[in-house]
Amino acid sequence: MAEQHKPLVIAIDGPAASGKSTLAELLAKKLGFFYFDTGVMYRAATLAALRAFQSVEEEEAVTRLTESTGIDVQPASIEDGRVMDVLLNGEDVTWQIRSSEVEQHVSKVSAYPGVRKALTEQQRQIGLRGNMVMAGRDIGTVVFPDARIKIYLDASAEERARRRYCELEARGVEMSYERILTSIIRRDRIDSTRKHAPLKAAADALVINTDGKTIEEVLEESLSFIHQQLQNQG
């Protein structure tokens, strides 16, 4: 009986630009759940560090700052294209964390073990609210290893760079495909080789390679898996 009262968390993991955020958002809408992209917390921590130190190079200082900083996510309060509110010590920084400066430094900050530990605790507290689709890189392996449903999305670096290029182009942001590809390959290397919480699929996750698949196909496969898992688990 206790198992049924555990908050339902659906963990969606995968490398940069694999489509996990898009899938998680669509699943949340279909299921009536809250969509939580945990990557925004690392962006918020990066923004806080850049504001405080104008740099993210001092690991100990960035870690201490993250430990003492309140980062939260809430349902979107404004209809301006956002899917959630990102709060930094109560301040709405939903769009500030999307700046190019944050983009350039977030991979370094997210590799700091102390930062990951501090944010993992905050992510778990948010996850306890229940009925949530959480997207990230270590949700099913570290943040919620006992999540009832885990999905890992993958795709080639080239395909992910193409998607990110089209996404940025649609937003009017100019960046070359080659630069995006180089950035993604670098991020993959950092994520998969870090000592603390390296990027990998959980042993009990459904792994979907999205190369050549539409988001509708990935959504259908994921929903089928979710319904099957919930049915099997009672």
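Reader: Which residues does lysine 150 touch, not counting residues up to four places away in sequence?

Author: In this predicted model, lysine 150 touches Ala11, Gly140, Phe144, Pro145, Ala202, Asp204, Ala205, Leu206 and Phe225, with residues up to four places away in sequence not counted. Lysine 150 itself is found in strand β7, which covers residues 149-154.

Reader: Why does lysine 150 count as buried?

Author: Its relative accessibility is 5%, and buried means under 20%. Lysine 150 therefore counts as buried.

Reader: What does the side chain of lysine 150 reach, and at what distance?

Author: The side chain of lysine 150 reaches the backbone oxygen of proline 145 at 2.5 Å.

Reader: Is aspartate 191 buried or exposed, and what makes it so?

Author: Aspartate 191 has 0% relative accessibility; with buried meaning under 20%, aspartate 191 therefore counts as buried. Aspartate 191 lies in helix α8, residues 177-193. Leaving aside neighbours within four places in sequence, aspartate 191 is in contact with Arg137, Pro198 and Leu199.

Reader: Why does tryptophan 95 count as partly exposed?

Author: Buried requires under 20% and exposed over 50%. Tryptophan 95, at 44% relative accessibility, falls in between and therefore counts as partly exposed. Its place is in the loop between β5 (91-92) and α4 (100-110), and tryptophan 95 touches Asp80, Gly81 and Arg82, not counting residues up to four places away in sequence.

Reader: What makes isoleucine 97 count as buried?

Author: Isoleucine 97 is also placed in the loop between β5 and α4. Its relative accessibility is 0%, and under 20% means buried, so isoleucine 97 counts as buried. Isoleucine 97 touches Val40, Arg43, Ala44, Leu47, Val86 and Val102, residues up to four places away in sequence not being counted. The C-alpha atoms of isoleucine 97 and arginine 43 are separated by 5.5 Å, although the two residues are 54 residues apart along the chain.

Reader: How do the axes of α2 and α3 cross, and which residues meet?

Author: The axes of α2 and α3 come within 10 Å and cross at roughly 115 degrees. In this crossing, which is right-handed, Ala45, Ala48, Ala49, Ala52 and Phe53 in α2 meet Ala61, Val62, Leu65 and Thr66 in α3. The contact residues divide into eight nonpolar, one polar and no charged.

Reader: Which residues of helix α3 are buried?

Author: In helix α3, residues 59-67, the buried residues are Ala61, Val62, Thr63 and Thr66. The buried residues of α3 pack against α2 (39-53), α4 and α5 (113-127).

Definitions and conventions: Residues are numbered from 1 along each chain as its sequence is written. This is a predicted model: local features need pLDDT of at least 70, side-chain atom pairs count only at pLDDT 80 or more; totals for chains, interfaces and linings use all residues. Side-chain values use heavy atoms; hydrogens and water are left out. Helices (H or I, at least four residues) and strands (E, at least two) are DSSP runs, numbered from the N terminus. Buried means under 20% relative accessible area, exposed over 50%, partly exposed in between (1.4 Å probe, protein chains only). A polar contact is a pair of N or O atoms within 3.5 Å; within protein, one must be able to donate a hydrogen and the other to accept it, and residues adjacent in sequence count only if both atoms are side-chain atoms. Contact means heavy atoms within 4.5 Å. Axes are lines fitted to C-alpha atoms, for helices over the stretch in contact, and angles run from 0 to 180 degrees between N-to-C directions. A crossing is left-handed if the near helix is turned anticlockwise from the far one by less than a right angle, and right-handed if clockwise. Ala, Val, Leu, Ile, Met, Phe, Trp, Tyr, Cys and Pro count as nonpolar, Asp, Glu, Lys and Arg as charged, and the others, Gly among them, as polar.
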